[in-house]
Amino acid sequence: MKEKVQNIVKKFHNDRSRLMDILLDIQKDFNCIPDEAASIVATLLNMSKVDVNQTISFYHFFSKEPVGTYAVYLNNSAVACMMGREEVARAFEEEVGTSFNSVTEDGLIGLWDTSDIGMNDQEPAAIINGIVFTNLTPTRVKEIVIGFREGKDISEMVDKYGDGQNSNELIRSMVNNNIRKKGPVLFSEYEVGMAIRNVANYSPEQTIEIIKNSNIRGRGGAGFPAGLKWEFCCKSGGEEIYLVCNADEGEPGTFKERVILTELPMLLFEGMIIAGYALNAKEGILYLRYEYKYIKDYLEDVLQQLRNLNLLGNNIAGKGGFNFDIRIQLGAGAYVCGEESGLIESMEGKRGEPRNRPPFPVQKGYKNMPTVINNVETLSSVVKIILNSPEWFKAMGTKESAGTKLLSISGDCKHPGIYEIEWGMTINEMLEMVGASSVQAVQVGGPSGVCIDPSQFARSISFEDLPTGGAMIVIGENRDLLKEFVMNYTDFFIEESCGSCGPCRSLTVILRNKLQKIMDGKGVKADIDELYEWGNYMKQVNRCGLGQTAANPILTTIENFRPLYDSLIKTDDDFVSTFNMEKAVADSCKYVGRVPKL
Amino acid sequence: MSKPVIATATLAGCFGCHMSLLDIDERILELIELVEFNKSPINDIKTFTKQCDIGLIEGGCSNSENIEVLKDFRKNCKILVSLGECAIMGGLPAMRNGIPIRECLEEAYITGPTVRMNTKKILPNDDELPMMLDKVYPCHEIVKIDYFLPGCPPTADLIWNALLALVTGDELKLPYEVVKFD
């Protein structure tokens, strides 16, 4: 083992900031990260073992114990459950003979619950040994488990490839793109390399000016003006500047980046190169979520093609001193790493715990240097702004929200998938577009966004009204909103909290229990009031966006679906305790050998 | 008009909050002018002799007796106050909440480093003893609690200010020094 681990560490130049890559390789080779390997890594990197262990324990796809020769990571997000995830999970348990979050005795098969894997348009879905299986059914599960038992190679079990580049020999995935509507920005035809050659004629300042004039705002959700971010970063005055592309879309319900990475990687990388030029950065990093690892080889190949075209590397487009290269950093399964400072921590090989701000990443980011972190969609759009004009871009959308938005739409609709729309579309128009009727609610922007009722469907998708990072989940009238969504999302936040801020770590659990109390018919009005009051408190006392929005599923449904809560509570009591004496004393009495006296 | 009546109790706590109450020093003379004490360890009255206005509860609920006392207080007090960290959150005793009850009992009575005399390895199981609960519960999960005074212990000034506000009906003064804990 020692030699193997040594070689892996050596491959990454004994650089402790590459701990993620080192651990990913070890996990792959040993099917876990054995304690001994962690010790060796710690010694070689001159770190304490605790530091290595805390990185290991933070990420979902790292494990100290073997996860199974075949490790099934089955998505448990709300939309997966809508599409029959529970039947699929039961089928796995029955066929495999073990329950979820455990491994069979012979170590052959492990079953694991997993937060959203970005496949909401083709659920239920699972990642098995890095390969995505979509549209699972109990029958399909039987075939897959038979395959495990026969010792088949996992890639042999993919029965048909998806559309577009999903069938590329470097991807070979059954994932489908489900591109339903191509818009004028991202999906318009263009000539590869033209935008890069164009900016090479401008100065970096002029490039930033163009982006500023286009009014493009960040597409990840927060909506910060991209040009302004670039400008701030340049003015921070660090020795080096880094550009990071955030491809860690973990918000349940969003999968737009998956499609851009599959179908438009050239466009994205060109956007990164343009940003690199504007920022005078030498290195760009694409932080790719582990769930999309199946696209990585293909992306590496695209980068090589760009190098061959002299669009990446040194003296890009023949311009002396225009040097920029891109590397891909893989994550290891943590929603909070989508938060930009958590992402930086992760890229440095640490737990993905968000940092305190200020300083902001544009001041002190990756390796303490000024760092711009942009979303995949933002950087891809930049290319088209350069090729056309800021005015062309601004002419689309609304005043505050220029251009188009890529929506990932899933849930109770006929045509789930990817839609590039102009900002400003109303929810009603969107529902008509995706073929949805009898809609109870729409979850705008994923669990951290808002859940709106039909009276608000005339509102428009825009930063002025209903901002969204792209996740849109349609909830039909027959769904149990509290159980299937609010509870599922709250559980999601509990699972994904990094635990750094007390309220995010603990209050989420207290809120969940209170919600459960109400759902069990034991709630009173004071419980709803407290849910609302305490939920709002979360916005003020947590460090990052995850913690601040973790109560949003509860808060926005109390605001917009109050009658639903009111119908569940007891109105004739002002206090109901869920304490059960008989249950509470059962264990201790049994163990000391006495009959409970109740 | 008769004086407001106060009762106090310690459940799974360390009496530190009661000590803090005594820390109001000479103001205790003022206090007994203002209020009358009923059931409380301070005067050693063991049972309620009348309906009380204010009940102060120190400590969370770790066993069946704590539950009974707490319910008794709720029945006999118009206003119930959780006094200090243990009553509000379970406090230090709640550190056992992640540990199976079996392990807790074994550690306390059989395997613990200070256990020397229990050669027969007996676990206390007399019917007269309170029954241990599966975990330590904060008071507000058992009965309705009207007010919470945080701190470990809450400072004497906080307790004094709160009592004064409850008795006089004046607004509670909470200067920063009184509620800061570090």
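A patch, on this tour, is made of residues with over 30% relative accessible area and no salt bridge, and nonpolar side chains join one when they lie within 5 Å of each other. Keep that in mind for the first stop. The model on your screen is a predicted one.

**Stop 1: the nonpolar patch on chain B**

Select B:F15, B:M19, B:L22, B:I28, B:L29, B:I32 and B:I42, and show their side chains. Together they make a nonpolar surface patch of about 600 Å². Which helices each supply at least two residues of this patch? They are α1 and α2 of chain B. Colour α2(B) separately if you like: with 3 residues, that helix gives the most to the patch.

Now centre on B:F15. You'll find B:F15 in the loop between β1 (5–10) and α1 of chain B. Its relative accessibility is 35%, so B:F15 counts as partly exposed and clears the over-30% cut-off for patches.

**Stop 2: the negative patch**

Stay on chain B and select B:D23, B:D25, B:E26, B:E30 and B:E33. These residues form a negative surface patch. Zoom in on B:D25, which sits in the loop joining α1 (16–22) to α2 (27–34) of chain B. Is B:D25 buried, partly exposed or exposed? B:D25 is partly exposed, because its relative accessible area is 47%, which falls between the 20% limit for buried and the 50% limit for exposed.

**Stop 3: chain B as a whole**

How many helices and strands does chain B have? The count is 7 helices and 7 strands. Trace the chain along its sequence and you'll pass them in the order β-α-α-β-β-β-α-β-α-α-β-β-α-α. The C-alpha trace spans about 60 × 40 × 30 Å along its principal axes. Chain B has 182 residues, and 42% of them count as buried.

**Stop 4: the domains of chain A**

Over to chain A. Give each of these ranges its own colour:

- domain 1, residues 2–58
- domain 2, residues 70–159
- domain 3, residues 181–394
- domain 4, residues 404–477
- domain 5, residues 482–566

How far apart are the C-alpha centres of domain 1 and domain 2 of chain A? They lie 28 Å apart.

**Stop 5**

Pick A:E36, in helix α3 (residues 35–45) of chain A. A:E36 is partly exposed, because its relative accessible area is 48%. Draw a C-alpha to C-alpha line from A:E36 to A:M425: the two are 389 residues apart in sequence and 56 Å apart in space.

Next, pick A:K235 in helix α10 (residues 226–235) of chain A. With a relative accessible area of 64%, A:K235 is exposed. Draw the line from A:K235 to A:Q363. These two are 128 residues apart in sequence, and their C-alpha atoms are 8.7 Å apart in space.

**Stop 6: salt bridges**

Side chains of opposite charge can pair when their charged atoms come close.

Begin with A:D21 and A:R18, whose side chains meet in a salt bridge at 3.0 Å, N to O. Both A:D21 and A:R18 are buried.

Then select A:K256 and A:E377. Their salt bridge has its closest N and O atoms 2.9 Å apart. The pair links distant parts of the chain: A:K256 is in helix α11 (residues 256–263) and A:E377 in helix α15 (residues 376–387), 121 residues apart. A:K256 is buried, with a relative accessible area of 1%, and A:E377 is buried too, at 0%.

Move along to A:E530 and A:K514, another salt bridge, with 2.8 Å between the closest N and O atoms. Here the pair links helix α20 (residues 525–541), which holds A:E530, with helix α19 (residues 502–519), which holds A:K514; the two residues are 16 apart.

Key
Residues are numbered from 1 along each chain as its sequence is written. Chains are lettered from A and ligands numbered from 1 in the order in which they are written. This is a predicted model: local features need pLDDT of at least 70, side-chain atom pairs count only at pLDDT 80 or more; totals for chains, interfaces and linings use all residues. Side-chain values use heavy atoms; hydrogens and water are left out. Patches are made of residues with over 30% relative accessible area and no salt bridge: like charges are joined within 9 Å, nonpolar side chains (Val, Leu, Ile, Met, Phe, Trp, Tyr) within 5 Å. Accessible areas come from the Shrake-Rupley method with a 1.4 Å probe; for residues, only the protein chains shown count as cover. A salt bridge is a side-chain nitrogen of Lys or Arg within 4 Å of a carboxyl oxygen of Asp or Glu. Lys and Arg count as positive and Asp and Glu as negative; His and the chain ends are not counted. The place of a charge is taken as NZ of Lys, CZ of Arg, CG of Asp or CD of Glu. Helices (H or I, at least four residues) and strands (E, at least two) are DSSP runs, numbered from the N terminus. Buried means under 20% relative accessible area, exposed over 50%, partly exposed in between (1.4 Å probe, protein chains only). Domain bounds come from an automatic or database domain assignment.
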